[in-house]
Amino acid sequence: MALDLAAIRADFPIMCRQVHGRRLVYLDSAATSHKPRLVIDALTDYYERYNSNVHRGSYQLAVEATEALEEARAKVASFIGASRDSEIIFAKNATEAINLVARTWGRANLGPGDPVVITELEHHANIVPWHMLTAELGIELRWIPIDANGHLDLTNLDRLLDGARLVSVAAVSNVLGTINPIRQLADAAHQAGALMMVDASQYTPHLPTDVAEMGADFVAFTGHKMCGPTGIGVLWAKSELLEAMPPFLGGGEMILNVTKEGFSTAEVPWKFEAGTPPIAEAVGLGAAVDYLVGLGMEQVREHEVALTGYALRTLTQRYGDDITIHGPTEPAERGGVLSFEYKGIHPHDVAQVLDRSGVCVRAGHHCAKPLMRVLGCTATSRASMYVYNDESDVDALADALSDADAFFIE
Amino acid sequence: MPDLEDLYREIILDHYRNPRNRGELDTPPAVRAEGFNPLCGDEVIVYVRLANGVIDDIKVGGQGCSISQASASMMSATVIGRTTEELHRLNRAFKSMMSIEPDPDDPPPINGNGADIKLGDLEALKGVVKFPVRIKCATLSWHTLTQALEEAQATA
């Protein structure tokens, strides 16, 4: 069954907002999604009814807060097909989740010359942590190139994977929208003796996620791009890996015992969650999962494919050669992220003009500077869609785009 | 919202379409500095050659939005032939127009606070202040020029 767009828009209070006297046309969900009433209420409810610190509290409020935190963990585990709740580590965001793997598994298992394989379309969050290990440990960073359509070029994959210890790849590009062949890469990585990490930040909000089906060893994603609050992200990893990994940050919550001589760590997952966790945010993420489950992730993806197809058709029919849309041309091969260049006008200027019509797009390098270099530009304009967007939003973008001509086309 | 016409003044668009002093200079005798706006990837490259404390020649390269590139072009046209002392006063006056507090590391004003110096064409960038996100685009070339001059002084 198709999504009921009117009902969904009514679920998101921010959709009532006007910008510069115009209806809000929000096309920046790849940066962050809006939050449904259900999620906002979950945050308020936590602070109004059972705000207290989790674990070790013997009073009623603390019991309720602890249960809510652990219930959120269970919801996330079920949402991504994890076999155990304890495989869900709460982090600040996907960036912290990837850094956690680099800092713990990486430091314990990698040494000089050990290859880590990433791709040219990664977000800086899946580049810089490995550059840091290159500087610290002397690992070797290898790059899977992309082809002219924005797909990974796997021609030399065997050579790139030779001796590799870890392959770390975005499931969906935040710039091109490309959906990468994660299972194929995971199988190839395992055959080469490497582990597989997936940056699912642009995948989990939009497609049904099954970590076992992905064949991954680590999966990182963030809450705020999937209707959840900011400040909460997730690392999923196989239990045996988590058991063997050293802790990340040191402090309260992550210990079993502390003496003057040293400490011993708490069990997984708490071993990786030092300090008071983002309790309200985790509860909010649990509510976001409830919301998406209620919509049905198959339906969410169907809507995305249909709307992406409509956007690709509308923009190319309207502007022809005046617009270049990066990435795969088939909606089924991509997410709802459209990076484009319009008449050679700089993306900042395009975004500035669109803002006047209440159309929110992002302009810049999208934290993917190596990819920008491959594309031969320093910036793109990016429109990205989610469950609350419909064809009228695409039309508003298409209508407002030509307003830039008045300033920049002589 | 403020009018886009305040931001995209005709003189700014003219500098964007027909940038002045575009190119490179031999280093040495010129010095080269690169400036990046980490938010958006705009980049400005400034080559500057000094002779007896005067900006003898300046060339600008890089790529970015209309505001960053026009501002770089306007800056190059304004500072050529000026003494470094005048340039510091211009820099202060420009930043003040952009509502930016003087940097404690900026050289102190020698004659007044720079308010007396005429900004000329640069005044056209005043509208940028109404679009706070774009202030960094307008000031990028000035930061880069300051960097180049520091380099020149360090190697002198």
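Q: Helices are DSSP runs of H or I with at least four residues, strands are DSSP runs of E with at least two, and both are numbered from the N terminus. How many helices and strands does the secondary structure of chain B come to?
A: This is a predicted model, in which local features need pLDDT of at least 70, side-chain atom pairs count only at pLDDT 80 or more, and totals for chains, interfaces and linings use all residues. Residues are numbered from 1 along each chain as its sequence is written, while chains are lettered from A and ligands numbered from 1 in the order in which they are written. From the N terminus on, chain B runs α-α-β-β-β-α-α-α. The count for chain B is five helices and three strands.

Q: Which strands are at the edges of the seven-strand sheet of chain A?
A: Strands pair if DSSP finds at least two bridges between them. The order in this open sheet of chain A is β4-β10-β9-β8-β7-β5-β6, with mixed pairing. An edge strand here pairs on one side only, and the two that do so are β4 (88-91) and β6 of chain A.

Q: By how many degrees are neighbouring strands of that sheet turned against each other on average?
A: Angles run from 0 to 180 degrees between N-to-C directions of axes, which are lines fitted to C-alpha atoms, for helices over the stretch in contact. In this seven-strand sheet of chain A, with direction ignored, the average turn is 20 degrees.

Q: In which sense do β5(A) and β6(A) pair, parallel or antiparallel?
A: Strand β5 of chain A spans residues 115-119, and strand β6 of chain A spans residues 140-144. A:Val117 has A:Arg142 of β6(A) as its bridge partner. The pairing extends over five bridges, and its sense is parallel.

Q: Which residue of β10(A) is the bridge partner of A:Val219?
A: Strand β9 (residues 218-222) of chain A runs antiparallel to strand β10 (residues 233-237) of chain A, and five bridges join them. The partner of A:Val219 in β10(A) is A:Trp236.

Q: Which residue of β14(A) stands opposite A:Ile323?
A: An open sheet of four strands in chain A has antiparallel pairing and the order β13-β14-β17-β16. Its edge strands are β13 (323-325) and β16 (362-364) of chain A, and the twist averages 30 degrees from one strand to the next. β13(A) is joined to strand β14 (residues 337-342) of chain A by three bridges. Opposite A:Ile323 stands A:Tyr342.

Q: At about what angle to β13(A) does helix α11 of chain A run?
A: Helix α11 of chain A covers residues 297-319. The helix lies across β13 and β14 of chain A, and its angle to β13(A) is about 155 degrees.

Q: Which element gives the largest share of the side of chain A that touches chain B?
A: Residues are in contact if their C-beta atoms, placed from the backbone, lie within 7 Å. On this basis 15 residues of chain A are in contact with 14 residues of chain B. At least two residues of the side of chain A come from each of α12 (347-355), β16 and α13 (369-375) of chain A. The largest share, three residues, comes from α12(A).

Definitions and conventions: Contact = placed C-beta atoms within 7 Å.
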